[in-house]
Amino acid sequence: MKEFDYVIIGGGCAGLSLAYELDIHQKLDRKTLAIVEPRTEYKRDKTWSFWKVGSHNFEDCVKKSWKEFSIKIPSDSKIVKCDNFPYQSIDSGLFYDKINERLTENKNIKFFKNIKDLNTSNSFIFNSVPLLQNAKSNIWQHFHGIEIETNEEFFNDSTVSLMDFDCDQRNNVHFFYVLPFSKNKAMIETTWLSKENKSLKDYDSQIKSHINRLGLKDYKINFKEEGAIPLFYPINEKEKNKVNIGTAGGMTRLSTGYTFLNIQEHSKYIRMNIENIQNAKKYEIGKKYQFLDEIFLRVLKKHPEKMPDIFFDMFGASYITAIKFLSNKSNILEDLSIILKMPKWIFIKSIFN
Ligand SMILES: Cc1cc2nc3c(=O)[nH]c(=O)nc-3n(C[C@H](O)[C@H](O)[C@H](O)COP(=O)(O)OP(=O)(O)OC[C@H]3O[C@@H](n4cnc5c(N)ncnc54)[C@H](O)[C@@H]3O)c2cc1C
């Protein structure tokens with residue numbers, strides 16, 4: 001059986017980002033890497049979006065960047081400028097192609113479909129397959145989106161509609177998210193924050209009625225995306241000779257579902273410590289964010305009806321503060337200014353139960 005210095009389990013976002021980061025920094029010139037990935041072909045399956053608060057290796061996979069976004073609740077709406085931290089969308093198809101083209105050039109990197117084909121007893125493992133427990137009682141961000149194309153110019157392609165809560169909430173948290181890639185192409189997504197609940201999954205009719213409300217009649221669908229992001233930590237433990245990465249490694253920010261940039265930072269951290277990775281300190285999203293997000297989710301579970309206003313008010317402070325807070329880059333004063341925008345009594349009560 002074949003043996004490798006490193007094994008990455010799961011060649012998705014985290015696995016490939018790490019392999020790429022190691023390869024471009026010549027960490028695989030004298031070390032071997034196996035990537036275990038069951039999928040038979042790579043094709044566009046996701047659109048990863050985030051505020052660009054730091055550098056990443058995939059600027060050439062950015063489908064579009066925006067300098068403003070809007071938030072809407074039934075009684076109000078606002079446009080938030082974000083020139084310093086543009087909102088970017090990465091096309092996963094371009095990302096997979098770019099990385100796979102590069103990795104196939106390195107003879108020290110091999111792909112496998114099944115870990116059973118490897119002897120991993122002497123390898124260091126990076127695992128991106130999450131072990132999810134209590135999936136039913138926890139909160140998920142689940143969504144379905146369609147990328148549509150219209151004949152006429154219809155969309156304002158300078159503004160992302162980040163959260164439009166002016167829609168049916170069904171005692172949960174629901175919003176529409178629109179990424180206008182051009183004046184006649186946009187991704188329209190219906191997004192829920194809820195426990196697993198089949199009755200919320202009539203996504204097609206939700207999107208249809210939203211499109212009707214926008215007054216859009218003629219369009220064709222070019223791409224569909226569906227997914228669910230766990231807003232709870234997987235139970236994968238750190239083991240000797242193994243580090244968890246990606247969702248499995250706790251890289252998802254629980255209050256937002258944003259994961260992509262955390263994965264990139266984790267990859268850099270691993271690359272910088274690769275020579276002594278067995279003894280490197282566990283990389284985590286800051287403890288303060290873990291604590292605050294836990295309270296945030298308790299509020300969400302108990303008071304879903306309050307969440308549209310809570311998200312809306314969060315952007316009442318400076319946009320820089322809100323984006324830094326949601327991207328785990330805020331300082332203590334910025335944290336405080338966000339916390340002071342929250343309904344205090346509800347949050348205080350949620351600390352204790
Ligand atoms: C549709 C969708 C859209 C998202 N959009 C955003 C976004 O806009 N912004 C953001 O920040 N985050 C987003 N996320 C969250 C997060 O960034 C992604 O889930 C990201 O893909 C997580 O990377 P990962 O490597 O942990 O998981 P994945 O990318 O899912 O990779 C895991 C890999 O493991 C493979 N695998 C599964 N089982 C096994 C096994 N037994 N053995 C070996 N391999 C296995 C899978 O085939 C897959 O390739 C999105 C998530 C989804 C699902």
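This is a predicted model: local features need pLDDT of at least 70, side-chain atom pairs count only at pLDDT 80 or more; totals for chains, interfaces and linings use all residues.
I started at the ligand: by class, its shell has 13 nonpolar, 12 polar and 4 charged residues. Here Ala, Val, Leu, Ile, Met, Phe, Trp, Tyr, Cys and Pro count as nonpolar, Asp, Glu, Lys and Arg as charged, and the others, Gly among them, as polar.

Residues are numbered from 1 along each chain as its sequence is written.

Next I looked up who comes nearest: of the 29 residues around the ligand, it is Gly10, Gly12, Ala14, Gly227 and Gly246 (near means a C-beta atom, placed from the backbone, within 6 Å).

Then the elements. H1 (13–24), S3 (47–51), S14 (219–230) and H4 (260–273) each supply at least two shell residues, and S3 gives the most, with 4. Helices (H or I, at least four residues) and strands (E, at least two) are DSSP runs numbered from the N terminus.

On to domains, with bounds from an automatic or database assignment. I find domain 1 (6–45 + 94–132 + 235–279), domain 2 (140–230) and domain 3 (287–352). Domains 1 and 2 both give residues to the ligand's shell, so the ligand lies between them.

I also checked domain 1 against domain 3: their centres, over C-alpha atoms, are 32 Å apart. Their contact takes 6 residues from domain 1 and 7 residues from domain 3, contact being C-beta atoms, placed from the backbone, within 7 Å.

Last, the whole protein: I have 9 helices and 15 strands, in a C-alpha box of roughly 60 × 55 × 40 Å along the principal axes.

Note on methods. Two residues are in contact if their C-beta atoms, placed from the backbone, lie within 7 Å.
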